[in-house]
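Come and read along with me.

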Amino acid sequence: MILRRLLAALLHSPQLVERLSESRPIRRAAQLTAFVLLQAQLHGQDAARRLRALAAGAAGSLGCRAARFRDTFIQELRRSLRERPRPPPGSQKGPGANP
């Protein structure tokens, strides 16, 4: 508790803050912090740009793939309906059956 108050009093001293900001370790720490933040920002922007390009390309190819799937599915369905064996006449059961 006392250490916290002492540290707070020292950090609120303008002369001490000025002297610390001019010291080499504090300046170097500030430089490294700025460098890391800028690198993170640049990498984030680059990743977002690549992700947008990937999403734009994938959306186009996904649409083509979906259309091709639909067309193939319809063709296969029609072919299977044409090739299925027909039941003999009079063997139908259900509401539309002949008595």
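**Entry 1: a patch on the surface**

Which residues make a nonpolar surface patch of about 500 Å²? I found Phe-69, Phe-73, Ile-74, Leu-77 and Leu-81. I noted the rule for patches: their residues have over 30% relative accessible area and no salt bridge, with like charges joined within 9 Å and nonpolar side chains (Val, Leu, Ile, Met, Phe, Trp, Tyr) within 5 Å. The areas come from the Shrake-Rupley method with a 1.4 Å probe, and for residues only the protein chains shown count as cover.

I reminded myself that this is a predicted model, where local features need pLDDT of at least 70 and side-chain atom pairs count only at pLDDT 80 or more, while totals for chains, interfaces and linings use all residues. Residues are numbered from 1 along each chain as its sequence is written, and side-chain values use heavy atoms, with hydrogens and water left out.

Helices here are DSSP runs (H or I, at least four residues), as are strands (E, at least two), numbered from the N terminus. Leu-77 counts as partly exposed because its relative accessibility is 42%.

**Entry 2: two rings**

How many aromatic pairs does the structure hold? I found one aromatic pair. Phe-69 and Phe-73 form this pair, which is stacked, with 6.2 Å centre to centre and 25° between the planes. The rule is that rings of Phe, Tyr and Trp (its six-membered ring) pair if their centres lie within 6.5 Å; planes under 30 degrees apart count as stacked, over 60 as edge-to-face and the rest as tilted. Phe-69 and Phe-73 are four residues apart in helix 3, about one turn of the helix. Both Phe-69 and Phe-73 are exposed.

**Entry 3: salt bridges**

I counted five salt bridges, each a side-chain nitrogen of Lys or Arg within 4 Å of a carboxyl oxygen of Asp or Glu.

Asp-46 and Arg-49 are three residues apart in helix 3, about one turn. Arg-50 and Asp-46 are separated by about one helical turn because they are four residues apart in helix 3.

Asp-46 has a relative accessible area of 30%, so I wrote it down as partly exposed. Arg-49 is partly exposed too, because its relative accessibility is 48%. Arg-50 counts as exposed because its value is 53%.

I then looked at Glu-76 and Arg-79, whose side chains meet in a salt bridge (2.5 Å, N to O). Both lie in helix 3, three residues apart, about one turn of the helix. Glu-76 is partly exposed at 40% relative accessibility, and Arg-79 is partly exposed at 35%.

**Entry 4: the whole chain**

I read the pattern α-α-α along the sequence, with three helices and zero strands. Buried residues make up 0% of the 99 residues. The accessible surface comes to about 9,500 Å², and 64% of it belongs to carbon and sulfur atoms.

Last came pLDDT, the predictor's confidence in each residue, from 0 to 100. The chain averages 84, and 87% of the residues score at least 70. Among the elements, helix 1 (residues 2-11) has the lowest mean pLDDT (86) and helix 3 the highest (88).

How values were computed
Buried means under 20% relative accessible area, exposed over 50%, partly exposed in between (1.4 Å probe, protein chains only).
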